[in-house]
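Hello,

Here is the structure I promised to pass on. Please look it over, then read my notes below.

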Amino acid sequence: EAAGLLSRDDGYAVERPETVLVLVVGHADSFGDRARTLARDADQYLEYQG
């Protein structure tokens, strides 16, 4: 919450999903099998809006 990634106003909400995804992908080995699967498939969750 202090980093601005999460909000606890009404339960928990991800405020910056792209940053959370980059952190999980970058450190997937630290989080286990589910994070490694997410890292492998991360391109499916991203969309460039340039």
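Asp33 and Arg36 sit together in helix α3, which covers residues 33–40. They are 3 residues apart, about one turn of the helix. Their side chains form a salt bridge, with N to O at 2.4 Å. Asp33 is exposed, at 57% relative accessibility. Arg36 is partly exposed, at 35%. Please keep in mind that this is a predicted model.

Arg36 has another partner. Asp29 also makes a salt bridge with Arg36, and here the closest N and O atoms are 3.7 Å apart. That still counts because the cut-off is 4 Å. Asp29 is exposed, with a relative accessible area of 64%. Now put the pieces together. Asp33 pairs with Arg36. Shared partners then link Asp29, Asp33 and Arg36 into one network of salt bridges.

How many salt bridges are there in the whole structure? The search finds 4. One of them joins the side chains of Glu1 and Arg8, at 3.0 Å from N to O. Glu1 is partly exposed, at 47% relative accessibility. Arg8 is partly exposed as well, with a relative accessible area of 47%.

Next, helix α3 again, this time at Leu38.

Leu38 lies in this helix. Is Leu38 buried or partly exposed? Its relative accessibility is 28%, so Leu38 counts as partly exposed. The cut-off for buried is under 20%. Leaving out neighbours within four places in sequence, Leu38 is in contact with Leu21, Val24 and Tyr45. Val25 is worth a look too. Leu38 and Val25 are 13 residues apart in sequence, yet their C-alpha atoms are 7.2 Å apart in space.

Now to the strands.

Strand β1 spans residues 6–7, and Ser7 is in it. Leu6 belongs to strand β1 too. Which of these is buried? Ser7 is, because its relative accessible area is 10% and buried means under 20%. Leu6 is partly exposed, at 34%.

Ser7 has a polar contact with Glu15, side chain to side chain, at 3.5 Å. Beyond residues up to four places away in sequence, Ser7 touches Tyr12, Ala13 and Glu15. Leu6 and Val20 are 14 residues apart in sequence, with 9.2 Å between their C-alpha atoms.

One surface feature remains. Leu6, Tyr12 and Val14 make a nonpolar surface patch of about 310 Å². Val14 lies in strand β2, residues 13–14. Val14 is partly exposed, at 47% relative accessibility.

Best wishes

Definitions and conventions: Residues are numbered from 1 along each chain as its sequence is written. This is a predicted model: local features need pLDDT of at least 70, side-chain atom pairs count only at pLDDT 80 or more; totals for chains, interfaces and linings use all residues. Side-chain values use heavy atoms; hydrogens and water are left out. Buried means under 20% relative accessible area, exposed over 50%, partly exposed in between (1.4 Å probe, protein chains only). Helices (H or I, at least four residues) and strands (E, at least two) are DSSP runs, numbered from the N terminus. Patches are made of residues with over 30% relative accessible area and no salt bridge: like charges are joined within 9 Å, nonpolar side chains (Val, Leu, Ile, Met, Phe, Trp, Tyr) within 5 Å. Accessible areas come from the Shrake-Rupley method with a 1.4 Å probe; for residues, only the protein chains shown count as cover. Contact means heavy atoms within 4.5 Å. A polar contact is a pair of N or O atoms within 3.5 Å; within protein, one must be able to donate a hydrogen and the other to accept it, and residues adjacent in sequence count only if both atoms are side-chain atoms.
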